[in-house]
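Subject: Structure for you to look at

Hi there,

Here is the structure I promised to send over. Please open it next to this email, and my notes will follow below.

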Amino acid sequence: MQFEAGSDIPGISMPQRISTAPIDEETAWQQIVARDRGARFFYAVTTTGIFCRPGCSSRTPLRRNVRFFAEADAALAAGFRACSKCGPSAARSNRLEKIRGHIERNVNRRVGLDELGRVAGMSRFTAQRLFMREMGVSPLQYQRALRAGRMRAELKRGEAVTDAIYAAGFGSSSRAYEGSQLGMAPIRFAKGGRGEQIGWSSAPSPFGWVTVGSTERGLCWLSLARSKSEAEMTLRSEFPEATLRRDPSLGRWIDAAIASVRDGNDLARNQTETGLDLRGTVFQLRVWQALRQIPRGETRSYSQLARDLGDPRATRAVARACAVNRVALLVPCHRVVGAGGSLTGYRWGVERKRRLLEAEER
């Protein structure tokens, strides 16, 4: 989904070109040994599946187990996950926040991909891919959802429908009703997925039976259950009016989801063929995106997430967003615990949550 090209932004310069010169591996290795914080590359360790900055304080790996990358995205694409000590993908997260923040500050006007690229210091296409990979929706869909939220707020204050539509930043009534919710259209969602075509597959795992469901836009369901019949029933109960068809090819996502728990493979970074069809409010989307930033083997409390989102009073809303998450493992709500580390609730069972966390600590 494309935006119209935007105009230049005062005060923001075009990003510098990134050098495509090959990495001198011997020089790079010496920089790793010296923990050179000024070195501009990344290295990955094949035995741990983690990639770092050259100045990382972690133990120096064996030379034969090291791979070199010019960019963090290249290491992520190769299946490595970011080190929690040196945060090699922190710049990536900062760029996402720049894009998201710019959209939120300019809800009432058309924001182009060129403009977002300049804000983040990357190309328009890279900016769009980054946003869609991390947030599960396009920048345009995110902006429309923000406008819809404003429109609902205006209507609650007693504004006339037409006034509320234009106050929210929509250019016409048709725009207001187009894509006003993230993911599946609101009317279809309210009617149990009526009119949707959902492919599905199920398979056993160490954590019970897994069922995945996917619309044409991406995965909309990943559930855990005690038996095959129960697993399939969860999907049918969630979308009773949708047309369901078995799709064995979706079994690859079940394998990938289990690998993300067992081996630490970053499933959220490897959606090259199928994305996410997330459905929820803008706040829920932000919570789900924050969940995907919690490293394997770590947990956060509901109150911590609320503070990270800039609203310390939103602890209950965070908990609610976790409770309605429909994509287990991929959006790892099992990594959120109560105050003091208590497991509290989990949509797929507290005991299963315990087992998932124990598996990720190994």
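A word on naming before the notes: helices (H or I, at least four residues) and strands (E, at least two) are DSSP runs, numbered from the N terminus. Please keep in mind that this is a predicted model, in which local features need pLDDT of at least 70, side-chain atom pairs count only at pLDDT 80 or more, and totals for chains, interfaces and linings use all residues. Residues are numbered from 1 along each chain as its sequence is written, and side-chain values use heavy atoms, with hydrogens and water left out.

Let me start with Asn94, which sits in helix α3 (residues 90-105). Ala120 is 26 residues away from Asn94 in sequence, and the C-alpha atoms of the two are 8.4 Å apart in space.

Now to the charged pairs. Side chains of opposite charge can pair when their charged atoms come close. A salt bridge here is a side-chain nitrogen of Lys or Arg within 4 Å of a carboxyl oxygen of Asp or Glu. How many salt bridges does the structure hold? There are 13, and a few of them are described below.

One of them joins Glu238 to Arg347, with 3.2 Å between the closest N and O atoms. Glu238 belongs to helix α10 (residues 228-238), while Arg347 is in the loop between β11 (336-337) and α15 (350-361), so this pair ties together parts that are 109 residues apart in sequence. Glu238 is partly exposed at 21% relative accessibility, and Arg347 is partly exposed at 34%.

Another pairs the side chains of Arg245 and Asp247, at 3.9 Å from N to O. Arg245 is partly exposed, with a relative accessible area of 44%, whereas Asp247 is buried at 19%.

Then there is Arg354 with Glu351, where the closest N and O atoms are 3.3 Å apart. These two are three residues apart in helix α15, which means that about one helical turn separates them. Both count as partly exposed, Arg354 at 36% and Glu351 at 48%.

How values were computed:
Buried means under 20% relative accessible area, exposed over 50%, partly exposed in between (1.4 Å probe, protein chains only).
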